[in-house]
Amino acid sequence: MFFSWAGSLGNQHLLFSFMLYTACGVGSGQVLYSVPEEAKHGTFVGRIAQDLGLDVGELVSRLFRVVSKGRRDYLEVNVQNGILFVNSRIDREELCGQHSVCSIHLEVIVDKPLQVFHVEVEIKDINDNPPLFSVKEQKLFIPESRLSDSRFPLEGASDPDIGINALLTYSLSINDYFILDVKSKNGQDKLVELVLKKTLDREEVPEHHLILTATDGGKPELTGTVQLLITVLDVNDNAPTFERSEYEVKILENAASGTLVIKLNASDADEGTNREILYSFNSLSPSVIKDKFHINSDTGELTVQRNLDFEQVNSYKFRVDATDKGNLPMVGHCTIRVDVMDANDNAPELAVTSLSIPVREDAPPGTVIALISVSDRDSGANGQVTCSMSPPSPFTLVSTFRNYYSLVLESSVDRESMPGYDLVVTARDGGSPVLWATASVSVGIADVNDNAPAFDQPLYTLFVKENNPPGSHIFTLSASDPDAQENALVSYFLVERRVGERPLSSYVSVHSESGKVYALQPLDHEELELLQFQVSARDGGFPPLSSNVSLQVFVLDENDNAPVVLPPHSGFSPVTEVVSQSVAVGHVVAKIRAVDADSGYNAWLCYELLPEVGTGRSPFRVGLYTGEISTTRALDESDGPKQTLLVLVKDHGEPTLKATATVIVSLVETGKEFKGSFLASRDLAKTGVGQKALVDVNVYLIIAICSVSSLLVLSLLLYVALRCSTPPQGFYGPGKSTAMCSNTVGSWSYSHQQRQKICSGEGAAKNDLMAFSPNLPPCPGSYVGEQAEHMQNSGNVSVNFYF
């Protein structure tokens, strides 16, 4: 906004013109304001939010901010109402010097979505500086012989203001001898000369004291004065004169010391020593002129003494005096203007303002990371700068306004692949040779929880012996998370489920920090062979991410179960087996059955017959793995009527576990045995004790009949012939003897884990003959008939004949 302090009609017209210009600026993407210098704090500049088309209520939420390059906080924005106001004192002369246009460039940035606006605030000059002369008193020495209309240059005043405020007019105090002649060049530089209108007379007035007043064109007017002390000299006929009153010279700023700028040539109409001329800088020339240039007093050659710098001073204007060597020296003057031409001697300069560093790895493309401004103190093509960035990265440079760039995220970033980028921004000018400058920008990538913990393998198989101590460590899980800090902090949890009727947590637990898996109670192979469960690894991010791993724990068997003898030999009372003294060698008396709850070698049972103390060689033996008790020789009366057999059952575990079974074998004579067996067969058929006793009765009845009648031989031959032709039901082929399963007492030996029944087939085939008695046919539905039919159907009947 432009402030009108005078309130005149002209100022109102200027305000209207500026508002029209501002409207044009907004339409083109740039807003222009103006404010007078020395404005007080809080002075209204403009409604920047409204002019940029922004909603005032969204300024805070959209992170409205203003960035000013290389300037103090002269201006500030109230984010509550979007008004731009003066924050601190602005001195245009201090800020911009003698430049005709002075402005402050602001970058306005808002997010969501990202927008960048450019605002220029022009600082208007006010008449706050009076004209100033370089000295308080100027001395002139004028010979009395000078003619009327002679001119004497005066040092003019300077005004740091610009425009009309720096437009100076001069006036001279009232006198009879001198008047002022002011010449203007280019509307700005003015040559002030003192003109002699009346011949001087040193004897009448040796000195003249005048006041030179300079007045600027501001409102109100400001003035400055200097004292003129004019000394009238005697005897000076002719002063030296230059070919021209003013010389203009151009020279490159990189001109070496000693380079000739110009060779001056002045002449004097006098003769002799009065025409010999010495050249010198005017006594009022500033010291910088004498520092930068050197003039040869004899030849008038003006040369470069020290390096010139176009960026510091691009033009020098000074006076050179030509003084003759008369008794009363006379001086001629000329003005020299040296314009310094630019050379490409300044590399570009870069300034980086960070905005969003570090960058979150989930930042969307288009995020502004930093603002980069470039400048070059040279002019023309030497000051035209272009920017580039290396090495290749997910970032790019976007030109926003003239020499302003934004470092923008172009594609997605991943901290786990690249935790940071070291970028180099290079600025090159258009001069010859090309100069450049670089700036390093380190962009770190901030971690986001985008990786779940991961195990080395999806399934772990463990082998744990049963009967482990409670709380024993069985395994250690380890999951890795490529994220950082709390996002990579992994905790372990048991995925709860039920194992049978009990929760999984009653069997195992996992330490949340170390991942160690513990067995909370002793495991029992007989109860649980395989325990399968899952463990979850969860990181500490928000939201947390997790993954699961499966574990299968095989419980290895230990020999912790002794063999168990199955009925009927499992009781405390020993079982009595009745055996005839006439049984053949290898006759099976009984079979011991036992089981072992363990598995493998721990459940592999073997049987051993313990010898009786004080007895000789026993006529019985037990099958090592079948448990069948059979005769080893023919029985006789010396063996006694009763034999007590102690069978030891052992497994193959470490250490070996054992069990015992006691069997009493009662030996009877052949006839008694037949009678007792016949009676016992009926009892056994009723009680279901077994089939073997009943079979023995039938065998002995057949033997008794064969001993009475020799016709049995013929019947036997006929039977054999019939058997070879058509085998009767219940018999196998000729000459083939199959293993017979044990009687109802039982002699099964099997593993409890495998549930496999083992049928014994140990020993040679028996040569005795067995036949069923015709007097005792099996009754349908009877126990003995059912057992016989079952044995025939199962193919486990061995038919033997006794002679």
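**Tour of backbone exceptions**

Select Lys-112 to begin: this residue is exposed, with a relative accessible area of 64%. Exposed here means over 50% relative accessible area, buried under 20%, and partly exposed in between, using a 1.4 Å probe and protein chains only.

Before moving on, note that this is a predicted model, where local features need pLDDT of at least 70, side-chain atom pairs count only at pLDDT 80 or more, and totals for chains, interfaces and linings use all residues. Residues are numbered from 1 along each chain as its sequence is written, and side-chain values use heavy atoms, with hydrogens and water left out.

Stay on Lys-112 and check its backbone. Its phi is positive, about 55 degrees, although Lys-112 is not a glycine. Most residues other than glycine have a negative phi, and most peptide bonds are trans. Lys-112 lies in the loop between strand 6 (103-110) and strand 7 (115-124). Strands are DSSP runs of E, at least two residues, numbered from the N terminus.

Next, select Glu-38. Glu-38 is also not a glycine, yet has a positive phi of about 65 degrees. Look for it in the loop between strand 1 (30-36) and strand 2 (44-47). Glu-38 counts as partly exposed, at 25% relative accessibility.

Now turn to the peptide bonds. Select Phe-542 and Pro-543: the bond from one to the other is cis, with omega near -5 degrees. Pro-543 sits in the loop between strand 41 (530-538) and strand 42 (546-556).

Last stop: Pro-567 and Pro-568. The bond from Pro-567 to Pro-568 is cis, with omega near 5 degrees. Pro-568 belongs to the loop between strand 43 (564-565) and strand 44 (575-580).

How values were computed: Helix = DSSP H or I, 4+ residues; strand = E, 2+ residues; numbered from the N terminus.
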